[in-house]
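Please look at the chain below and work through the exercises, trying each task before you read its solution.

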Amino acid sequence: MLRDNGIIDEEAEHLAHCIRSNCNLTELDLERNNIGRQGVKLIARAICNNNTLLVLNLNKNDVDDEGAKELSIMLRHNNTLSKLCIANTKVGKDGANVRCCLQDFYFYSINILITCNIGASCRSC
């Protein structure tokens with residue numbers, strides 16, 4: 001568990017390397033860190049080719065709309081992840097629409113659960 005460790009974008013690069021080379025990791029709890037746009041991008045790209053990770057918790061990080069877009073790209077390439085948590089982040093209305101589109105996209109494929117507390121309404125994808 002790496003929750004509440006003050007992880008920043010620069011350290012996320014090392015974490016991304018570990019994710020790419022790890023074939024046993026099933027859950028990654030990064031809640032309450034300082035991972036921002038660049039860190040999310042590195043982690044998301046590492047998860048694209050990971051086939052063991054089931055849960056990614058990025059709650060209470062500095063994930064913004066661009067980070068949400070990187071996560072959406074990752075989810076289109078990864079069919080193993082079943083839960084993505086991005087509550088209490090900096091994701092705004094644009095990110096909320098990414099989330100809504102992903103839920104529609106994955107409804108019939110892997111039934112991914114995306115937890116989020118965005119108060120924005122979803123517009124058509």
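Two exercises with worked solutions follow.

This is a predicted model, in which local features need pLDDT of at least 70, side-chain atom pairs count only at pLDDT 80 or more, and totals for chains, interfaces and linings use all residues. Residues are numbered from 1 along each chain as its sequence is written, and side-chain values use heavy atoms, with hydrogens and water left out.

**Exercise 1.** Determine how helix α2 and helix α3 pack.

*Solution.* Begin with the elements, which are DSSP runs numbered from the N terminus (helices are H or I with at least four residues, strands E with at least two): the order in the chain is α-β-α-β-α-β-α-β. Next, take α2 (residues 37-47) and α3 (residues 65-77), whose axes, lines fitted to C-alpha atoms over the stretch in contact, lie 9 Å apart at an angle of about 0°. The two helices are therefore roughly parallel, a term for angles under 35 degrees between N-to-C directions. Finally, the contact (heavy atoms within 4.5 Å) involves V40 and A44, among others, of α2, and L71 and M74, among others, of α3.

**Exercise 2.** Find which residues of α2 are buried, and where they lie around its axis.

*Solution.* Buried means under 20% relative accessible area with a 1.4 Å probe, counting protein chains only. In α2 the buried residues are G39, V40, I43, A44, A46 and I47. Because they cover an arc of only 160°, taken from the directions from the helix axis to the C-beta atoms, they lie on the same side of α2. Their cover includes α1 (9-21), β2 (55-57) and α3.

Key
Axes fitted to C-alpha atoms, helices over the stretch in contact; angles between N-to-C directions. Parallel < 35°, antiparallel > 145°, perpendicular 65-115°, else oblique. Buried < 20%, exposed > 50% of the residue type's maximum accessible area, 1.4 Å probe, protein only.
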